[in-house]
Amino acid sequence: MDIIQLLPDSVANQIAAGEVIQRPASVIKELVENAIDAGAKTVKVLVVDAGRTSIQVIDDGCGMSETDARLSFERHATSKIRKADDLFALHTMGFRGEALASIAAVAQVTLQTRRAEDELGTRITLEGSRVTSQEPVACAVGSSFCVENLFFNVPARRKFLKSNTTEMSNINQTFERIVLVYPQISFILYNNGQETMNLPATSLRQRIMDVFGKKINQTLLPLDTATTLCQITGFVGKPESARKKGAKQFFFVNGRYMKHPYFHKAVQQAFERLIASGDQVPYFIYFDVNPEDIDVNIHPVKTEIKFENEQAIWQILMATVRDAVGKFSGVTEIDFDVEGRPDIPVYNPDALFDAKQPTIEIDSSYNPFKCTPSDEPQYLDKPSRASSGSSHGTRGGGIPSSSLGLGDYKPRQTQGWESLYSPTAINIDDTQEDGNIFSSMLNDYEDEQMPLLNRGHEHLQYSGKYIVTQVENGLMFTDQYRADVRILFEYYMHSLATRTSSTQKILFPEVVQFPPSYSPYLSTAIGEMCSLGFEISEEGNGSYSVSGIPAGLDGLDAVTLVNELVSAVVEYGSDVKSEINSFLALQLAERAATPYGEILSQEQMESLIERLLQCENSRYTPDGKTITVVLGEKEIEQRF
């Protein structure tokens, strides 16, 4: 008996839909791309319940005839290509002919379409790949697709859809990737009847500003390079626009969004030594390449693209970005505000002969190492975020602090240093019984230096990063920055749980603007941040006014801090509220913790170690990094 059977078309379409239609955002991507290929000048997208209930895409493109409307839902039916060679000369977004068939296989679809030369259009209804009705109808020129009850016949796939917030964020992200390629087309997006994005036809730079806010315009550097291999245009951010999270980064090739880690590395390398390690710069880079030199038919979602001359384009991209940054850095600003400034004379080469050589007087009796008690160096008080008088310092508003004031810290004066340099200090012929010619000098030096480690209640700060403490079984090395991160993290987590925090007002409130793709997360993120001590109020159109930040975060840029915190929430997701609190608390703790290089007094180090040992986990930071390392007594002895 034969066991191999040909699958029915409905089953084959469902299998194909599993690759092409992964979530509601996939439906919008395919339908909007079809509208663009149809020559539409205006595209409207209406979403209900993040696409679970319905998705409607309306365009004013060329429309379809009655026969084409019916045939468009057949598998591998397309108007984009005719033969296999056309795959290597693509000028359209779609080409496989799988999208509409896959959508119709897992949803209830209604299509209304009409061509300009037809008096009546066509209305066709499908359910699970099966045509339920087809009739003539009066409608506008173009096409209107209505997709309802997505995955109604695939309950497992519908069950594993994320929350409405997450799915809407994916829709916004997909929408951004399309609208950034076609600024000449007008796009409108509605969510549950409310307009969330209205983008009129405009220039590319203005389209970027419409999507991500006007402030981004100040940070964009233009790119424009034409070679025989490719043409590169677009914009890249200035070095000061770099941030840890939330940087907007887009690659497009021949009008198609793509992900390309190799090219991303070229951009990052162009900013080498200009931005901090781990920071990301925004960029919107467009490649125009001969279609024969790329292959987009690699993955159903078409975001992975293979380049024939990948390494050469990498070099061109890096040189283009470096050139743009170099031009920006080399531009001299003209300063017209010269009132009250000294008048610098014009260069006169004849006046050089009148110049006199300066003389230098040297006081040979001055000894910089010789000082009396009255000459003891005085240290200016360094601005600190808290007082160093208490062993348990607090940051402003009750936030734990590492008490970073220098206070009365003064370096110890070594007595009798002149003897170390006297001619008789080292006598090669004067050997000791143990055969060590330096023993007498070292014994004198040990009396001054070693008691710091012998007394267990004192600490030694090494390299401005580590605190060395004598413990029962050896020496404990503590990373001062990571220790403070752990202490502050637990404080912020407690503050979130009890909703108690103090706020420090900003003298001049600052405005921060978020892209539409952040809108599903903003209410949750802003609410959590306000509970931490932020004062943020909505201004409309994605803009928020920041008038206060948690006390103890002096010196931090409020706009950058809020941007990075919201971006972190968007990247992480918002399904579990406690996890969001943990992430926000860690972000705040990392920015407020004791930085490397701060000189700590004995009281400050004592306070830091005591508060660290009181934490729930004193060995590791919240993200798993080691805080303390103990060098055991046996290991020390073995090394000797």
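1. A residue is buried under 20% relative accessible area, exposed over 50%, and partly exposed in between (1.4 Å probe, protein chains only). This is a predicted model: local features need pLDDT of at least 70, side-chain atom pairs count only at pLDDT 80 or more, and totals for chains, interfaces and linings use all residues. Residues are numbered from 1 along each chain as its sequence is written, and side-chain values use heavy atoms, without hydrogens and water.

2. Look at helix α8, residues 261–270. Helices are DSSP runs (H or I, at least four residues), numbered from the N terminus. Phe 263, His 264, Ala 266, Val 267 and Ala 270 are buried there. Seen down the α8 axis, these buried residues fall within an arc of 155 degrees, so they line one face of the helix. That arc is taken from the directions from the helix axis to the C-beta atoms. The face turned away from the buried side carries exposed Pro 261 and Lys 265.

3. Now the salt bridges. Each is a side-chain nitrogen of Lys or Arg within 4 Å of a carboxyl oxygen of Asp or Glu. The count is 11.

4. Arg 23 and Glu 167 form one, at 3.1 Å from N to O. The pair links distant parts of the chain, 144 residues apart. Arg 23 lies in the loop between α1 and α2, Glu 167 in helix α6. Arg 23 is partly exposed at 26%; Glu 167 is buried at 1%.

5. Arg 639 and Glu 635 also meet in a salt bridge, at 3.5 Å. Both sit in helix α17, four residues apart, so about one helical turn separates them. Arg 639 is exposed at 64%. Glu 635 is partly exposed at 33%.

How values were computed:
Helix = DSSP H or I, 4+ residues; strand = E, 2+ residues; numbered from the N terminus.
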